[in-house]
Amino acid sequence: MDFFEINADLHIHSKYARAVSEKMEIPILAEQAKLKGVQLLGTGDCLHNKWLAHLKETLKGDGIYTYKNSETKFVLQTEVQALGRVHHVILLPSFSKADELREKLSKYSNNLDADGRPWLKIMGEEIAEKVLECDGMFGPAHAFTPYFGMYAHFNTLKECYGKYADKVSFLELGLSADSKMADRISELHKLTFLSNSDAHSPYPLRIAREFNRLKIKDLTYDELKKALHQKDGRKVTMNCGFYPEHGKYHLSRCKNCLRFYKLEDAKKLNWKCGECGGIINKGVVDKILEISDSDGNPDRVKYVHIYPLTEIIATVYNIKTFSSKTVSGVWNKFVQQFGNEINVLIDAPIEELKKVDLKVGEYIEAFRKEEIKQIPGGAGEYGKLLPLGENEEIEFFKYKQKNLGEF
Ligand SMILES: [Zn+2]
Ligand SMILES: [Zn+2]
């Protein structure tokens, strides 16, 4: 068999998780994933009783699942919250193993079904043990975000996963970090990075807003496992996602007045804002600077920065609402011509894109050349894309580049 590549988004949520769209159901996901251009989706929330029942009802397969004749495939996936508020992503090989893990974990939760993302009263090490007993895979979710990321609470994989640290299958970068940032930590150099959407709605604006390209020989759970463990030529060949500046927790910033802070200044002020006395939220860049022990990793696969096409169109046309008719009209033109959104963003020839819409084509070209500028995010506020040519002098780009090198 020959190798081929697919696009995969391995972390989403169901309508049973907090703040998730009621539309988050398998038939809609299957259809929207095709428009987005992603062939494999995590199911989200596969330990939740009602969602698991929906999955069993709608999906057929063995390890990798299909909805009716759809081209979209699914793998059983959930996210759990451990004691100490760390989030973990879990992948499972079958419905029977999902039932088994539900059974094992129900002892450690007041109510596994209270939320799509269950709260467990055990630490990462015990979660790892239970997942491994069910032949599943696990890794930290959005590992660098404050509050729920592993590195917000621990300085190493070992501190988090104890004797199972070397069984971690992947690390999810999250929207506020990319490979270059994460590779400043040497213990991660051998580990596969995942860039997933953590989507709360099924539309191409959200699903696979970050995704992974996998090289495999067959679309099976075993092949997925080999790819994540970089076995026999199978691997993740590309991570794709936001510029980390876009993330809500990118730079250290006052939660109250939104003033940005450099690490050394925030420390001097004991993380209390000098302007207003508010709490300074530690950004991902500064968290990484604190624990960094490496200049980078030359062997890492490429990370391609991109945003959802809807957001690009809205920026180009200076339209505030993503649901505007102009935005969806341009989006439809592109997707009809090129088959799906990821093809437009990553693979289609720029000259062809420019024929559909010159300004949007130019913006995507700037993305592919890494020439996009934006106001960085922090303290829970997303970053903001700037139109081409607009180049606000942002002191913090210089700060970050001085400290983390160019990326
Ligand atoms: Zn999470
Ligand atoms: Zn302040």
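Colleague: Which residues of helix H8 (residues 221-228) are buried?

Modeller: In this predicted model, the buried residues of H8 are Tyr221, Glu223, Leu224, Ala227 and Leu228.

Colleague: What places these residues on the same side of H8?

Modeller: Around the axis they cover an arc of only 160°, which puts them on the same side of H8. Just after the helix, Gln230 takes a positive phi of about 55°.

Colleague: Why are the buried residues of H4 said to line one face of the helix?

Modeller: In H4, which spans residues 124-133, the buried residues are Gly124, Ile127, Ala128, Lys130 and Val131. Seen down the axis, they fall within an arc of 165°, so they line one face.

Colleague: What do the buried residues of H4 pack against?

Modeller: Their partners are strand S5 (73-81), strand S6 (87-92), helix H3 (95-106), strand S7 (137-140) and helix H6 (157-161). Just after H4, Asp135 has a positive phi of about 55°.

Colleague: Why is Val80 called buried?

Modeller: The relative accessible area of Val80 is 0%. The cut-off for buried is under 20%, so Val80, at 0%, is buried. Val80 is in strand S5. Leaving aside neighbours within four places in sequence, Val80 is in contact with Leu47, Val86, His87, His88, Ile90, Arg117, Pro118, Leu120 and Ile127.

Colleague: How many residues along the chain separate Val80 from Pro146, and what separates their C-alpha atoms?

Modeller: The two are 66 residues apart along the chain, and their C-alpha atoms are separated by 16 Å.

Colleague: What makes the site of the zinc ion (ligand 2) tetrahedral?

Modeller: The zinc ion (ligand 2) is coordinated by the SG atoms of Cys254, Cys257, Cys273 and Cys276, at 2.3 Å. The angles among its four donor atoms are 103 to 116°. Four donors count as tetrahedral if all angles lie between 85 and 135 degrees, so this site is tetrahedral.

Colleague: What is the spacing in sequence of the donor residues of the zinc ion (ligand 2)?

Modeller: They are spaced C-x2-C-x15-C-x2-C. Cys257 lies in the loop between strand S12 (252-254) and strand S13 (260-261), and Cys273 in the loop between helix H9 (263-268) and strand S14 (280-281), so the pair ties together parts that are 16 residues apart in sequence.

Colleague: Why is Cys257 called partly exposed, and why is Cys273 called buried?

Modeller: Buried requires under 20% and exposed over 50%, with partly exposed in between. Cys257 has a relative accessible area of 36%, so Cys257 is partly exposed. Cys273 has a relative accessible area of 5%, so Cys273 is buried.

Colleague: Which residues coordinate the zinc ion (ligand 1)?

Modeller: Its donors are Glu79 (OE), His87 (ND1) and His142 (NE2), at 2.0 to 2.2 Å. Along the chain they follow the spacing E-x7-H-x54-H. Glu79, in strand S5, and His142, in the loop between S7 and helix H5 (150-153), link distant parts of the chain, 63 residues apart.

Colleague: How do you know whether Glu79 and His142 are buried or exposed?

Modeller: The relative accessibility of Glu79 is 0%, so Glu79 counts as buried. His142 counts as buried too, because 10% is under 20%.

Colleague: How far apart are the C-alpha centres of domain 1 and domain 2?

Modeller: The centres lie 28 Å apart. The contact takes 16 residues from domain 1 and 15 residues from domain 2.

Colleague: What makes Ser14 buried?

Modeller: Ser14 has a relative accessible area of 0%, which is under 20%, so Ser14 is buried. Ser14 lies in the loop between strand S1 (4-9) and helix H1 (26-36). Not counting residues up to four places away in sequence, Ser14 touches Val20, Met24, Asp45 and Trp51.

Note on methods. Residues numbered from 1 in each chain as written. Chains lettered and ligands numbered in written order. Predicted model: local features only at pLDDT ≥ 70, side-chain atom pairs only at ≥ 80, totals over all residues. Heavy atoms only, no water. Buried < 20%, exposed > 50% of the residue type's maximum accessible area, 1.4 Å probe, protein only. Helix = DSSP H or I, 4+ residues; strand = E, 2+ residues; numbered from the N terminus. Arc of directions from axis to C-beta. Contact = heavy atoms within 4.5 Å. Donors = N, O, S within 2.8 Å, 3.2 Å for Na, K, Ca; no water. Tetrahedral: all angles 85-135°; square planar, octahedral: opposite > 155°, others 65-115°. Domains from an automatic or database assignment.
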